[in-house]
2 protein chains.
Amino acid sequence: MAGKEDLTLLGLVVSPFVVRVRIALGMKGVSYEYVEEDLFSKSELLLASNPVHKKVPVLIHNGKPVCESLVIVQYVDELFAGPSILPTDPYERATARFWAAFVDDKLVPAWIGILKAKTEDERAEKATETLAAIDQVEAALAELSDGKAFFGGDSIGYLDVVLGSCLFWFEALRRMHGVGIIDSGRTPLLGAWAERFGESAEAKGVVPGADEAVQYAHKLAAAIAAAK
Amino acid sequence: MAGKEDLTLLGLVVSPFVVRVRIALGMKGVSYEYVEEDLFSKSELLLASNPVHKKVPVLIHNGKPVCESLVIVQYVDELFAGPSILPTDPYERATARFWAAFVDDKLVPAWIGILKAKTEDERAEKATETLAAIDQVEAALAELSDGKAFFGGDSIGYLDVVLGSCLFWFEALRRMHGVGIIDSGRTPLLGAWAERFGESAEAKGVVPGADEAVQYAHKLAAAIAAAK
């Protein structure tokens, strides 16, 4: 798509959902204004742009908001020239969408549950659920990558972006709670994939470090404690 | 797409998710073998085709399974000629995907919650949640349809298929529990839309009656009681 585009991304540096959109925009080589939101005091622009969920990311394109990370990534992929993020083959595209939905419906609620758990029992239960989900993703990687570097083949694609955006939180959970979600022993393929992803040009500059996630988790916990 | 296609749909007549796929296949005018599953005794083919979720619908295309209704509907739309199910404009497509996700993430769990509630209090809570979600969809219809007959404009599109597939269950919930999810007083636009949807050629023959849903709900309740 040629022409001048007015793009603003409402985000949060430590949100994996925002990271997805930043990787997608980076892959397409489009420039945008990035606005960091304070989720403890949401901006009027955020509330007006995403009145249904009141969440980041929101991509505002020529004044019109697009919400929900998977929707935004597909929008960016369809709109802008550059490398295709979703596979171009319809069956491979369906498979990538299936696993992206699995990540968001099964894996993400489980690992966020580790973070939010109020008791050690609950934390252990969510950890078990997370490992069961990631083991299914390990099996999917074996099947889908067919020995290639990424889910999408030789280069980063949709599912790499969707899962790769969570990796710095996995490392934060290891440091905070000793849960090894991706583990070179238990999930060797994902272990090697995660290293490749972290070193990729696509991840550089937009994926924060695990220390930032740990700090944010402590900030959240303090806010929750203060609200009691 | 020309050529001979081998299509088998593993389904359940009263599943709204299966109804979506049948409407999509009907819109494209493609023929397929329909296989009714017994969810109390799942077939080997279902378990082998959808090992992750073990759920219908599964569309088996030339021997390769596609799972998850929203993924299947998009696959069918991309693969076959005929009327476009998703909007062709990228922004409208993003909006349709956003609301389809809203239906599946917020509305569907709420109305299924009415059905599964173990106490009257829980049922009332899920009913309140369902009405709050449907009121947001009413507002979306006002904005998206712009006075036209359907979410998709003058003809049935993605979001019509996604939401329309739930309508016979809404009627079943009204009969069983007195919950008026779509109500000509509270949600006049959805009320008129639901009538148009029910009378459409797309819905005819694949959307079952509410009595079938009521019967299935009783069968489920009896099975759950027997398992206690």
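## Helix packing and sheet order

In this predicted model, helix α1(B) meets helix α4(B) through Pro16(B), Phe17(B) and Arg20(B) on the α1(B) side, and through Val103(B), Asp104(B), Val108(B) and Trp111(B) on the α4(B) side. By class, the residues of this contact are five nonpolar and two charged, with no polar member.

Two packed helices are described by the angle between their axes and the distance between the axes. For α1 (residues 16-28) and α4 (residues 90-116) of chain B, the axes come within 13 Å and cross at roughly 130 degrees. The pair α1(B) and α4(B) is therefore oblique.

Chain A holds an open sheet of four strands in the order β2-β1-β3-β4, with mixed pairing. Strands β2(A) and β4(A) each have a single partner strand, so one side of each lacks a neighbour in the sheet. From one strand to the next, the twist averages 20 degrees. Helix α1 (residues 16-28) of chain A packs on this sheet and touches β1, β2 and β3 of chain A. The direction of α1(A) makes about 155 degrees with that of β1(A).

The strands of the sheet have these residue ranges:

| Strand | Residues |
|---|---|
| β1(A) | 7-11 |
| β2(A) | 33-36 |
| β3(A) | 58-61 |
| β4(A) | 64-67 |

Strands of a sheet pair through backbone hydrogen bonds, either parallel or antiparallel. Strands β3(A) and β4(A) pair in the antiparallel sense over four bridges. Within this pairing, Val58(A) has Cys67(A) in β4(A) as its bridge partner.

Notes: Residues are numbered from 1 along each chain as its sequence is written. Chains are lettered from A and ligands numbered from 1 in the order in which they are written. This is a predicted model: local features need pLDDT of at least 70, side-chain atom pairs count only at pLDDT 80 or more; totals for chains, interfaces and linings use all residues. Side-chain values use heavy atoms; hydrogens and water are left out. Axes are lines fitted to C-alpha atoms, for helices over the stretch in contact, and angles run from 0 to 180 degrees between N-to-C directions. Helices (H or I, at least four residues) and strands (E, at least two) are DSSP runs, numbered from the N terminus. Angles under 35 degrees count as roughly parallel, over 145 as roughly antiparallel, 65 to 115 as roughly perpendicular and the rest as oblique. Contact means heavy atoms within 4.5 Å. Ala, Val, Leu, Ile, Met, Phe, Trp, Tyr, Cys and Pro count as nonpolar, Asp, Glu, Lys and Arg as charged, and the others, Gly among them, as polar. Two strands pair if DSSP finds at least two bridges between them.
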